[in-house]
Amino acid sequence: ARALPSFDSVFLVPGDRGDPDRLAGEFPCRTLDCPRPDRARWRYPAQLARAVARARRSLRELEAAAVVGLGSYASIPASLAARSLGIPLYLMECNAVPGKATRLLSRFAQGLGLGNRQALAGLKGRRSCRVTGTPLRSELRAVSRPSDFGLSDELPTLLVLGGSQGAQALNSAVMEGLRACADLEFQVLHCSGREDAGRMRAAYARTSIPTAVIDFVPDVGRVYAASDLVVCRAGASTVAECAALGLPAVFVPYPWHKDRQQERNALESVAAGAARIVPQSELDASALRRIVEDILLDEERLANMAECARATARPAAAQEMAAHLIESLGEAVSEPHWMAELGG
């Protein structure tokens with residue numbers, strides 16, 4: 001949206017996920033009914049029909065010239081409403097494996113902007129697809145030091161990001177693994193999530209490793225900037241962020257996706273030498289010790305991985321996707337109009 005300053009962008013988002021707060025008033029925001037197909041499945045058709053009807057009303061009120069769907073269940077009602085009203089649709093898909101919503105909606109989308117080249121294989125025969133990379137916020141490039149979080153500026157810093165899915169399992173695996181690293185000189189900056197912060201602080205208090213546990217990270221760029229190596233999930237945005245910042249990573253993919261989506265998100269970075277993949281089932285004490293000894297405490301390897309990470313980055317992804325959107329939608333967006341954008 002920032003890459004399209006001549007457009008009045010309005011975000012249509014679910015009302016139960018905190019999206020209006022994350023937008024921080026920069027763009028107008030409307031809540032929209034977005035039923036989940038994995039809940040109360042027998043009621044989903046009726047719930048979806050009502051949500052589409054409400055989305056149609058919103059799009060008419062906004063005089064929307066186009067709709068941008070971000071690929072999750074939340075994008076379905078307004079995208080279908082756009083289809084029924086003859087409003088052009090553009091889709092963003094940042095994962096290596098296109099989700100069900102993207103595959104469904106791509107049948108009538110005028111364009112698809114992709115964050116990962118692998119996604120092309122799942123969208124064969126669809127209309128205009130372009131690999132642009134994943135758009136990232138400019139605020140990601142922050143400046144901070146470990147001392148901003150109560151740690152030493154002299155010790156190598158391992159960042160642990162639990163992520164939104166499976167955070168507790170990753171937190172526990174890392175915590176158990178670090179017990180084998182007490183004799184090594186490094187420190188841990190651990191973003192645990194609010195629900196697990198107390199447990200993690202109590203567990204770290206029983207170790208000799210210097211640590212800082214953060215329950216919530218409003219500005220993830222600051223924790224990235226203070227770190228030398230990150231252990232994290234492999235969501236599409238996280239992988240793109242590590243590449244953009246030249247941050248070496250050990251990705252622990254969320255293990256319960258049937259299509260191994262997160263593992264495939266990380267493959268390009270691994271192939272480039274910027275990251276490693278460690279399955280969650282193998283993240284034990286010996287694995288954590290190898291991560292610390294072989295990567296975090298090896299300055300030359302860290303520097304090489306950081307250079308490789310930057311080589312995979314797509315710093316102009318937002319501008320490239322915006323240009324592709326305008327190219328795909330043509331006359332519908334040739335002049336400034338309202339554009340409704342759905343949070344994915």
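Which residue lies over the face of Tyr-73, and at what distance from the ring centre? The views below concern a predicted model, in which local features need pLDDT of at least 70 and side-chain atom pairs count only at pLDDT 80 or more, whereas totals for chains, interfaces and linings use all residues. Residues are numbered from 1 along each chain as its sequence is written, and side-chain values use heavy atoms, with hydrogens and water left out.

**View A. Charged groups over the rings of Tyr-73 and Phe-216.** Arg-36 is the residue over the face of Tyr-73, at 4.5 Å from the ring centre. In a second case, Arg-194 places its charged end over the ring of Phe-216, 4.2 Å from the centre. A charge sits over a ring if NZ of Lys or CZ of Arg is within 6 Å of the ring centre and within 35 degrees of the ring normal.

**View B. The aromatic pair of Phe-11 and Phe-27.** Rings of Phe, Tyr and Trp (its six-membered ring) pair if their centres lie within 6.5 Å; planes under 30 degrees apart count as stacked, over 60 as edge-to-face and the rest as tilted. The count by this rule is one aromatic pair. Phe-11 and Phe-27 form this tilted pair, with 5.4 Å centre to centre and 50° between the planes. The pair links distant parts of the chain, 16 residues apart: Phe-11 belongs to strand β1 (residues 8-13), and Phe-27 to the loop between α1 (19-23) and β2 (29-31). Helices (H or I, at least four residues) and strands (E, at least two) are DSSP runs, numbered from the N terminus. Phe-11 counts as buried at 13% relative accessibility, and Phe-27 counts as buried at 17%. Buried means under 20% relative accessible area, exposed over 50%, and partly exposed in between (1.4 Å probe, protein chains only).

**View C. Helix α11, residues 299-312.** The 14 residues of α11 reach 20 Å from first C-alpha to last, close to the 20 Å expected at 1.5 Å a residue; the expected span is 1.5 Å times one less than the number of residues. Leu-302, Met-305, Ala-306, Ala-309 and Thr-312 are buried in α11. Seen down the axis of α11, the buried residues fall within an arc of 120°, so they line one face of the helix; the arc is that of the directions from the helix axis to the C-beta atoms. Glu-300, Glu-307 and Ala-311 are exposed on the other side of α11. Among the elements against which the buried residues of α11 pack are β10 (229-232), α8 (236-245) and α10 (285-296). Asp-298 caps the N-terminal end of α11, with a side-chain oxygen 3.2 Å from the backbone nitrogen of Glu-300.

**View D. Helix α2, residues 44-62.** With 19 residues, α2 reaches 26 Å from its first C-alpha to its last, close to the 27 Å expected at 1.5 Å a residue. Its buried residues include Tyr-44, Leu-48, Val-52, Leu-59 and Leu-62. Glu-63 follows α2 and has a positive phi, near 50°.

**View E. Ala-173 in helix α5, residues 167-177.** Ala-173 is buried, with a relative accessible area of 13%. Ala-173 and Ser-281 lie 8.7 Å apart in space, C-alpha to C-alpha, and 108 residues apart in sequence.

Technical notes:
Contact = heavy atoms within 4.5 Å. Polar contact = N/O pair within 3.5 Å; in protein donor to acceptor, adjacent residues only side chain to side chain.
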